[in-house]
Amino acid sequence: MLSPMTQNIPQSVTLQVEGFPDITAQSGERLVLALERGGVDILHRCGGVARCTTCRVTFQEGEPDAMTLAEYDKLTEKELLGQARLSCQIECAPGMRLTPLQTAASTGLEPGKAPAEAIEPDPQWTTRPGASTEG
Ligand code: FES
């Protein structure tokens, strides 16, 4: 399965982030990086490779149906599937309203190594459980 954004021309999107001013991002941009650039002190302790789960967010609107297999496996392992998403494994898209769950301010931890521009590991896409397009 191709990246959900592969077919789309990049466009400006607005992220609504609880507790922070709105953030302008590009569709397809890595969510964790857009959040950080927008001033959110979100953690990414593993450097954005779907290992630590500290970049987790919850969506109030616009949760993507596409999910990387790496995210699926990590959320399953940590019993977080259906409860949170990993912002290092998500591409920005229109209509996202979300809450970061672990920030430097809330935990007293350093954010962690900078994630790469592109999603790592090289994403293989599946669909999240409960997605509107499922079935
Ligand atoms: S899982 Fe570690 S930064 Fe996303």
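Biologist: How many residues sit between E1 and E2 in the hairpin?

Modeller: There are 5 residues between E1 and E2. Gly19 lies in that turn, with a positive phi of about 90°. Keep in mind that this is a predicted model.

Biologist: In which sense do E1 and E2 pair, parallel or antiparallel?

Modeller: Antiparallel, over 4 bridges. E2 covers residues 23–26, and E1 covers residues 12–17.

Biologist: Which residue in E2 stands opposite Thr14?

Modeller: Thr24. Thr14 itself is on the uncovered face of E1, along with Ser12 and Gln16.

Biologist: And which residues make up the covered face of E1?

Modeller: Val13, Leu15 and Val17.

Biologist: Let's take Leu15. Why does Leu15 count as buried?

Modeller: Because its relative accessibility is 0%, and the cut-off for buried is under 20%.

Biologist: How far apart are Leu15 and Leu35?

Modeller: They are 20 residues apart in sequence. In space, the C-alpha to C-alpha distance is 8.4 Å.

Biologist: Back to the sheet. How many bridges join E1 to E6?

Modeller: E1 and E6 share 2 bridges, and the strands run parallel. E6 spans residues 97–100.

Biologist: Which residue in E6 is the bridge partner of Gln16?

Modeller: Arg97. Arg97 is also the bridge partner of Glu61. Glu61 belongs to E3, residues 56–61.

Biologist: How do E3 and E6 run, parallel or antiparallel?

Modeller: Antiparallel, with 4 bridges. E6 therefore has a parallel link to E1 and an antiparallel one to E3, and Arg97 bridges to both Gln16 and Glu61, as the pairing rule is at least two bridges.

Biologist: Change of topic. Where is Lys74 found?

Modeller: In helix H2, residues 69–77.

Biologist: Is Lys74 buried or exposed?

Modeller: Buried, at a relative accessible area of 12%. Leaving aside neighbours within four places in sequence, Lys74 contacts Ala50, Arg51, Thr53 and Leu86.

Biologist: What phi does Glu79 have?

Modeller: A positive one, about 55°, although Glu79 is not a glycine. Glu79 lies in the loop between H2 and E5. Glu79 is exposed, at 65% relative accessibility, whereas Ala50 is buried.

Biologist: Peptide bonds next. Which residues does the cis peptide bond join?

Modeller: Glu120 and Pro121, with omega at about -15°. Pro121 is in the loop between helix H3 (104–107) and strand E7 (125–127).

Biologist: Zoom out. How many helices and strands are there in the protein?

Modeller: The protein has 3 helices and 7 strands. Along the sequence, the pattern reads β-β-α-β-β-α-β-β-α-β. The radius of gyration is 14 Å, close to the 14 Å that the globule rule gives for 135 residues, so the protein is as compact as a globular protein of that length.

Biologist: What does the C-alpha trace span along its principal axes?

Modeller: About 40 × 35 × 25 Å.

Biologist: Of contacts between residues at least 6 apart in sequence, what percentage join residues at least 24 apart?

Modeller: 68%. On burial, 44% of the 135 residues are buried.

Biologist: Last one. How many positive and negative side chains does the protein have?

Modeller: 11 positive and 18 negative. The centres of the two sets lie 5 Å apart.

Technical notes. Residues are numbered from 1 along each chain as its sequence is written. This is a predicted model: local features need pLDDT of at least 70, side-chain atom pairs count only at pLDDT 80 or more; totals for chains, interfaces and linings use all residues. Side-chain values use heavy atoms; hydrogens and water are left out. Buried means under 20% relative accessible area, exposed over 50%, partly exposed in between (1.4 Å probe, protein chains only). Contact means heavy atoms within 4.5 Å. The radius of gyration is taken over C-alpha atoms; the globule rule is 2.2 Å times the number of residues to the power 0.38. Lys and Arg count as positive and Asp and Glu as negative; His and the chain ends are not counted. The place of a charge is taken as NZ of Lys, CZ of Arg, CG of Asp or CD of Glu.
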